[in-house]
Amino acid sequence: MSRFTVTDLPLAGLKLVERQNLGDPRGFLSRMFCADELAPAGWAKPIAQINLTMTARQGTVRGMHFQHPPHAEMKLVNCLRGAVFDVAVDLRSGSPTFLKWHAQELSAENRRSLLIPEGFAHGFQALTDDCELLYFHSMPYASGSEGALNAQDSVLNISWPLELTEMSDRDRGHSFLTSQFTGLTP
């Protein structure tokens with residue numbers, strides 16, 4: 001019996017993963033990752049890195065981050081506390097959904113995760129204060145391969161659900177797509 005329900009999302013390769021808790025009066029057990037159970041969903045590499053983030057203020061946006069090949073990575077994003085509007089953007093050249101985005105609400109209560117394939121940018125907005133996210137990465141962080149999109153880029157036109165209250169100077173300074181790709185207009 002699988003501990004995960006995996007659902008295909010509108011962008012090919014992007015998956016919603018719902019964890020099934022096993023519980024009794026003492027509490028519950030929730031499997032966060034299983035290579036065998038997630039292989040049919042596309043996870044084909046070992047876990048290379050696990051990160052935990054805490055975002056203090058509701059409305060904060062982090063992202064949109066990715067790594068260029070050969071360090072492109074899959075991510076499994078889990079919300080352990082609070083709730084986030086989690087966004088993935090398709091950056092795969094030639095994909096019919098190139099530069100399209102999809103978002104899911106991830107929360108401690110709904111036990112949903114987003115399985116993000118290689119070739120996608122990722123970011124989120126905190127819907128509550130004190131959000132904690134746990135990330136499983138298929139590749140370690142490689143500073144020379146990092147890339148990012150500006151979360152406020154009008155080409156992406158991400159519909160953030162809350163007023164943007166905070167963003168790091170670094171994320172705010174990422175270039176806009178019109179300066180990265182020729183022929184794009186806002």
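This is a predicted model: local features need pLDDT of at least 70, side-chain atom pairs count only at pLDDT 80 or more; totals for chains, interfaces and linings use all residues.

Me: Why is the count of disulfides zero here?

Reply: A disulfide is a covalent bond between the sulfur atoms of two cysteines. The rule asks for a pair of cysteine sulfur atoms within 2.5 Å. For Cys79, the closest cysteine sulfur is in Cys131, at 5.5 Å, so the gap is too far for a bond. Seen from Cys131, the closest cysteine sulfur is that of Cys79, again at 5.5 Å. The count is therefore zero disulfides.

Me: What makes Cys79 count as buried or exposed?

Reply: Buried means under 20% relative accessible area, exposed means over 50%, and partly exposed is in between (1.4 Å probe, protein chains only). Cys79 has 1% relative accessibility, so Cys79 is buried. Cys131 has 1% as well, so Cys131 is buried.

Me: Where is Thr7, and which residues does Thr7 touch?

Reply: Thr7 is in strand 1, residues 4-8. Helices (H or I, at least four residues) and strands (E, at least two) are DSSP runs, numbered from the N terminus. Contact means heavy atoms within 4.5 Å. Leaving aside residues up to four places away in sequence, Thr7 touches Leu14, Lys15, Leu16 and Glu18. Thr7 and Val17 are 10 residues apart in sequence, and their C-alpha atoms are 6.5 Å apart in space.

Me: How do you know that strand 1 and strand 2 pair?

Reply: Two strands pair if DSSP finds at least two bridges between them. Strand 1 and strand 2 have five bridges, in the antiparallel sense, so they pair. Phe4 stands opposite Arg19 in strand 2. The hairpin of these strands has six residues between them, and there Gly13 takes a positive phi near 95°. Strand 2 also runs antiparallel to strand 10 (residues 112-116), with four bridges. Leu16 has Leu114 as its bridge partner in strand 10.

Me: What makes strand 8 mostly covered?

Reply: Eight of the eight residues of strand 8 (residues 83-90) are buried. In a regular strand the side chains alternate between the two faces of the sheet. In strand 8, Ala83, Phe85, Val87 and Val89 point one way, while Val84, Asp86, Ala88 and Asp90 point the other way, and all are buried.

Me: Which strands pair with strand 8?

Reply: Strand 9 (residues 101-107) pairs with strand 8 over seven bridges, antiparallel. Ala88 stands opposite His102 in strand 9. Strand 11 is also joined to strand 8 by seven bridges and runs antiparallel to it. There, Val84 stands opposite Ala126.

Me: What makes a space a pocket, and what volume has the largest pocket?

Reply: On a 1 Å grid over the protein atoms alone, a pocket is an open set of points where a 1.4 Å probe fits, with protein on both sides within 12 Å along at least five of seven lines; lining residues have an atom within 4 Å of a point. Grid points are joined across faces, edges and corners, and a volume is the space filled by probe spheres set on the points. The largest pocket has about 510 Å³. Its lining has 28 residues, and those closest to its centre are Asn51, His65, Lys75, His137 and Arg170. Strand 6 gives the most to this lining, six residues.

Note on methods
Residues are numbered from 1 along each chain as its sequence is written. Side-chain values use heavy atoms; hydrogens and water are left out.
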